[in-house]
Amino acid sequence: MAETAVEKKEGVFTFGKKERKLLTDPLNDNNPITVQVLGICSALAVTTLLVPSIVITVAVIFVCAFSNLFTSLLRKSIPKQVRMIVQLVIIATLVTVVELTLKAVNYDIYKQLSIFIGLIITNCIVMGRLEAFAMANSPWKSFLDGVGNGVGYGVILIIVAFFRELFGKGSLLAGSPLEMKIIGATPEYWINTAADGSWFSWYSNNNLMVLPAAAMFLIAILIWVHRAWNPKLVDIS
Amino acid sequence: MELLNVFIKAAFIENLILSYFLGMCSFLAVSKTLKTAFGLGLAVIFVLGITMPINWLINTYLLDETGILGQDLTFLRFILFIAVIASMVQLVEMIIEKFSPSLYNSLGIFLPLITVNCAILGGSLFMVSREYNFSESVAFGLGGGFGWFLAIVALAAIREKIKYSAVPAPLRGLGMAFLLTGLMGMAFLSLLGIDPAAISGN
């Protein structure tokens, strides 16, 4: 017993180079969206505005990190044949926790996100990390891997949402106390396109950005930029 | 005729992939060749068509306050829905293996993967939030599956052709698939003009 305790102290909560790599890798070389192509399903529809995207990001980081942690803790007692079901139950429980919390804390955003909170269950990135990482690694490392992948996912989401909200609605963080009105045709906006002699009188919001298709184009551009900058990711096939 | 409305709406106007991004992961991963895309599309229609009514029954008679148990158990919805989907996929897999081994072999790994296809769970959750009745939920399941099938077959066909084009290297593969999906989404937008009521003669 004493031996295992010592082992835990040394091995479990260290934070060295390897652990740091677990956090930073998903941001670039192994990004969940642009490289692993996982988890695109559940959240792209929420990226029309920044606030729901941030909420989803936080929820995914939470679910990803803790499902990785719990699966890793249970990994030696899960029979191979039923591991999918066990993993799904863990994920579904955590998502239920998120859903009920959000419902209690901010009902408006809960309504706005509607089914997309529930869809975190089938977000492939959560399941994918459980299969690929948590089933074979220690709890602490799995936890870090979950946080890393959640953040890597969220970064893309927030970049996409930033452009979609700025060009689609002319505002940023609409619906929160920090709302910024950047460009629009009323005096409330920083750049008032309707003012006399305004340099931006030609500008109007791009309705394409509000459509689902815009998210696809933005991600395609992100992938393009990412791969041009990091050529080892280029698809040779 | 109401059912036809729901079907057309689910298949074309509110296509699960092109306007809600549901089932994107397998959509992008499996659309490299037309044949596998076709098989997966059929399997999705099948699974959506089966799980939707079952989840409707569970939601109405088990989880709802007015159901058999007389208690509001909606917080169990996610867990039960995903369990139904996982077991249905398993069942479908066993049935297909028994009665049509050739179809089973051509579908391969994609059949179990349907469990984590967001379109299936998303369909069930939409069914709940839109308060469909039983027959509407069947129509919605079949229509949604059909729309998914159309989209993946179309994308696979385009991707097979685009292999021979000079695409910039960083955009090859994944990037191009995203652009194509976006363009298809815009094309499907023109279907917004369809009035389902006019078609069914209401």
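Modeller: F149(B) is found in helix α9 of chain B, where helices (H or I, at least four residues) and strands (E, at least two) are DSSP runs numbered from the N terminus. The model is a predicted one, in which local features need pLDDT of at least 70 and side-chain atom pairs count only at pLDDT 80 or more, while totals for chains, interfaces and linings use all residues. Residues are numbered from 1 along each chain as its sequence is written, chains are lettered from A and ligands numbered from 1 in the order in which they are written, and side-chain values use heavy atoms, with hydrogens and water left out.

F149(B) has a relative accessibility of 11% and therefore counts as buried; the term means under 20% relative accessible area, with exposed over 50% and partly exposed in between (1.4 Å probe, protein chains only). Leaving aside neighbours within four places in sequence, F149(B) is in contact with F38(B), G41(B), L42(B) and I45(B), contact meaning heavy atoms within 4.5 Å. M176(B) is 27 residues from F149(B) in sequence, and their C-alpha atoms are 20 Å apart in space.

Aromatic pairs come next. Rings of Phe, Tyr and Trp (its six-membered ring) pair if their centres lie within 6.5 Å; planes under 30 degrees apart count as stacked, over 60 as edge-to-face and the rest as tilted. This rule gives 15 aromatic pairs over all chains. In one of them, W140(A) and F143(A), the ring centres are 6.2 Å apart and the planes at 15 degrees, so the pair is stacked. W140(A) and F143(A) are three residues apart in helix α8 (residues 139–169) of chain A, and therefore about one helical turn separates them. W140(A) is buried at 18% relative accessibility, whereas F143(A), at 22%, is partly exposed.

F12(B) and F146(B) are arranged edge-to-face, 6.4 Å centre to centre and with 85 degrees between the planes. Distant parts of the chain are linked here: F12(B) belongs to helix α1 (residues 2–13) and F146(B) to helix α9 (residues 134–162) of chain B, 134 residues apart. F12(B) is partly exposed at 24% relative accessibility, and F146(B) is partly exposed with a value of 28%.

A further link involves the loop between α8 and α9. The closest N and O atoms of R130(B) and E14(B) are 3.3 Å apart, and the two residues form a salt bridge, that is, a side-chain nitrogen of Lys or Arg within 4 Å of a carboxyl oxygen of Asp or Glu. Because R130(B) lies in the loop between α8 and α9 and E14(B) in the loop between α1 and α2 of chain B, the pair ties together parts that are 116 residues apart in sequence. R130(B), at 25% relative accessibility, is partly exposed. R130(B) also lies over the face of F126(B), 4.4 Å from the ring centre; the criterion is NZ of Lys or CZ of Arg within 6 Å of the ring centre and within 35 degrees of the ring normal.

Helix α10 (residues 174–189) of chain B contains T181(B), which is buried with a relative accessible area of 3%. A polar atom of the T181(B) side chain lies 2.6 Å from the backbone oxygen of A177(B). Apart from neighbours within four places in sequence, the contacts of T181(B) are M216(A), L18(B), M24(B), F27(B), L28(B) and L155(B).

That list leads to the interface. Chain B and chain A bury about 3400 Å² between them, 85% of it on carbon and sulfur atoms; buried area is the accessible area (1.4 Å probe) that two parts lose on being put together, summed over both. In chain B, the residues that lose the most area to chain A are F21(B), F78(B) and F178(B), together 22% of what that side buries. Across this interface there are zero salt bridges. The elements giving two or more residues to the side of chain B that touches chain A are α2 (16–20), α3 (24–30), α5 (77–99), α8 (118–129) and α10 of chain B. Of that side, α10(B) supplies the largest share, nine residues.

Terms used
Polar contact = N/O pair within 3.5 Å; in protein donor to acceptor, adjacent residues only side chain to side chain.
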